[in-house]
Amino acid sequence: MSSDPVNNSTTAPQPDPLNSLEFDLSALRRKYREERDRRLREDGENQFIHTTGEFSRFKDFDPYAKRMPRDRLTIETEILILGGGFAGLSVAGRLIEAGFHDIRLVDNAGDFGGTWYWNRYPGAQCDIDAYCYLPLLEETGYMPREKYSFAPEIQAHARRIAGHYGLYEKAIFHTSVTAMNWDEDHLVWNVTTDRGDDVRARCIVCGSGPGTTPKLPGIPGIDAFQGHSFHTSRWDFDYTGGDNQGNLFKLADKRVAVIGTGASAIQIVPHVGRHAKHLYVFQRTPSALNPRGNVPTDPDWAGSLAPGWQRTRQRNFNDVVAGLPFDVDLVNDGWTDMFRTLQNSLLAGNAAVVGQTPEQLALLSEIVDARKQNTVRDRIDAIVKDPQTAEALKPWYRTFCKRPCFNDEYLPTFNRPNVTLVDTSGRPGIERITSGGITANGVEYPVDCIIFATGFEFSSDYRHRMPFAVNGRGGRSLFDLWANGRRTLHGHSTHGVPNWFFIGNSQVGLSVNYTSMLDDQARLIGYILTQMRERGARVVEATADGEANWVAEIRDKAAGASLFLEECTPGYFNNEGQVKNARATLTGDSYAPGVNAFNALVSAWIEHGNCEGLAFK
Ligand code: NDP
């Protein structure tokens, strides 16, 4: 036994975990670092092409509904909500429940659904437990058909929520907001749109997530390609045939390239591989594939659920993935198993960790993670027959460096004779797009069609993530106020930008189950607007101190995340490898203790009753 003179505790000698390892941790560390370094690039986030100007043809159209001409609108409303996805729907629903009815929603899509409106590609499916993910299930009386919903069921549920709360009559579709200007004299927002509308709104809630704004790879020659091309989030079913379930019969005589191997590509590749004459999958960094195992909803189980079950389940899921104590893992799937394995091994009370130093705990965490990723790599060897292809499909980074994926069909697709993995080993990556194909590793691959599975504006400059102007008090741009990183109170309000609320993934407690997190924020905004009403205020705004304190809290708690992210291979989780860049990273800009801790903090803030950090006038 040794005693710690600082905290007067006694610690038992711990066996050195390195002595009993079945793999070479030093070699693995070296491999992770080499793979990361090969992918690091000076231009980071700037490597991507935004879908503006000549590239707006990849975004500014609606393949699913005709954009009809209409007259200009002149509207006065109490609350304008940007976005008809699950953020906007949750805010609208919670506000209506709180007694606010003078609401309008605006979206550039042709219907509700947000990211699920646009992402209808073959195989599009949510890999989060549907009983947690689909919001407002009890309110709308709906039970998902299976544990992991496909896109059509998710879109239909978005429409169900809209119908339930009477939101269709409040919606303005196929309309993009271009600018919001705060009018200090009249204490309203003047909003302009691409339809020439004139909207005056007392308050604005911005729920337009970045998952609807695609980005393209900065590959030389991308504008020279003479064949067909589109981004996954604007799937061209006229060209491919079929629908979300596949059956892409028009690809039978086509050579198709998919660029990108993230969560979208993982779901698409099995369908394209099944139907294309030949499929080339251009990979820069492999995703980590875990088993899926979808099952239909058990009607007996569904019938046994007591009122309040969805919130209980969502909280339980968040507890498990945040490494908080829980009695039973209600969701019990690949996500929760992953977090249980990686985090709960470090929970206080676990005999293996009692008395360990932070350094020993970090090492233990690294070992558990390496074992987890070893199973991911071993699974590839077991499924993919060609050893060279199997080797190229292996991810060499820690589990949460990139978004884990769950799919049972992706890996077997590489056993098909008509499917080729073109691995570019990180750098130099694809060399060039030519008029008739793609050149990589010195070889030109002629193709008829390129599908860009290259993601969204998740971590780019805010002006790209939020493609509209927001000018607050004194005409100051919100994006200038955020020039050195986002500044908010509790993620929703910024000093100098009155009556303007944000709902999303920044400076809040993050959840893997994004929609329950949005619903929690929707309730908070409902509370603040109710306070505004009860206090007879016309303006509510974050105070300078309230904002500064919250930003400091976020930065302080995120320090550990930044260290972790620096070791990671580049991606949108770590600002494409530029963690020290002034603009905060996705995970580095969240409230590190997680969504349930954030909600507890917000509950205590509400309980306190004085709305500290907000000024009402
Ligand atoms: P991602 O940003 O995750 O992936 C983009 C892909 O494009 C990466 O593989 C990236 O490689 C690759 N890429 C970028 N530039 C190049 C280039 N120049 N050459 C070759 N490859 C390139 O986008 P996704 O659309 O796949 O997913 C976005 C997010 O959407 C997910 O992370 C997830 O949050 C969400 N989603 C959720 C689903 C769900 O089930 N709930 C399903 C689908 C998506 P590299 O890694 O090397 O940068």
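**Strand pairing and ligand shell**

Modeller: This is a predicted model. Strand 4 (residues 74-82) runs parallel to strand 9 (residues 198-206), and eight bridges join the two.

Colleague: Which residue in strand 9 stands opposite Glu76?

Modeller: Strand 4, which covers residues 74-82, pairs with strand 9 in the parallel sense. The residue in strand 9 that stands opposite Glu76 is Arg200.

Colleague: What is the bridge partner of Asn190 in strand 9?

Modeller: Strand 8 (residues 188-193) runs antiparallel to strand 9, with four bridges between them. In strand 9, Asn190 has as its bridge partner Arg200.

Colleague: Strand 8 and strand 9 form a hairpin; which residue in the turn has a positive phi?

Modeller: Four residues lie between the two strands of this hairpin. The phi in question is about 75°, and the residue in the turn that has it is Gly196.

Colleague: What is the order of the open sheet of five strands?

Modeller: The pairing in this sheet is parallel. Its edge strands, each pairing on one side only, are strand 11 (228-231) and strand 16 (419-423). Neighbouring strands are turned by 15° against each other on average, direction ignored. The order is 11-20-12-13-16.

Colleague: Which residue in strand 20 stands opposite Ile259?

Modeller: Strand 12 (residues 255-259) and strand 20 (residues 449-452) run parallel and are joined by four bridges. Ile259 has opposite it, in strand 20, Phe452.

Colleague: At what angle does helix 8 run to strand 13?

Modeller: Helix 8 (residues 263-275) lies across strand 12, strand 13 (278-283), strand 16 and strand 20. These strands belong to the sheet with the order 11-20-12-13-16. The angle between helix 8 and strand 13 is about 160°.

Colleague: Which element gives the largest share of the shell around the ligand?

Modeller: The shell residues divide into 11 nonpolar, nine polar and four charged. Among the 24 residues around the ligand, those that come nearest are Asp127, Ser264, Thr285, Lys402 and Tyr572. The largest share of the shell is three residues, and it comes from helix 8.

Colleague: How much of the ligand's exposed area does the protein bury?

Modeller: A polar backbone atom of Asp127 is 2.9 Å from an oxygen atom of the ligand. From side chains, a polar atom of Arg284 lies 2.9 Å from a ligand oxygen, and a polar atom of Lys402 lies 2.7 Å from a ligand oxygen. Taken alone the ligand exposes 920 Å², and the share of that buried by the protein is 87%.

Terms used:
Residues numbered from 1 in each chain as written. Predicted model: local features only at pLDDT ≥ 70, side-chain atom pairs only at ≥ 80, totals over all residues. Heavy atoms only, no water. Pairing = 2+ DSSP bridges. Axes fitted to C-alpha atoms, helices over the stretch in contact; angles between N-to-C directions. Contact = heavy atoms within 4.5 Å. Near = heavy atom within 4 Å. Polar contact = N/O pair within 3.5 Å; in protein donor to acceptor, adjacent residues only side chain to side chain. Areas by Shrake-Rupley, 256 points an atom, 1.4 Å probe, with all protein chains shown as cover. Nonpolar A, V, L, I, M, F, W, Y, C, P; charged D, E, K, R; others polar.
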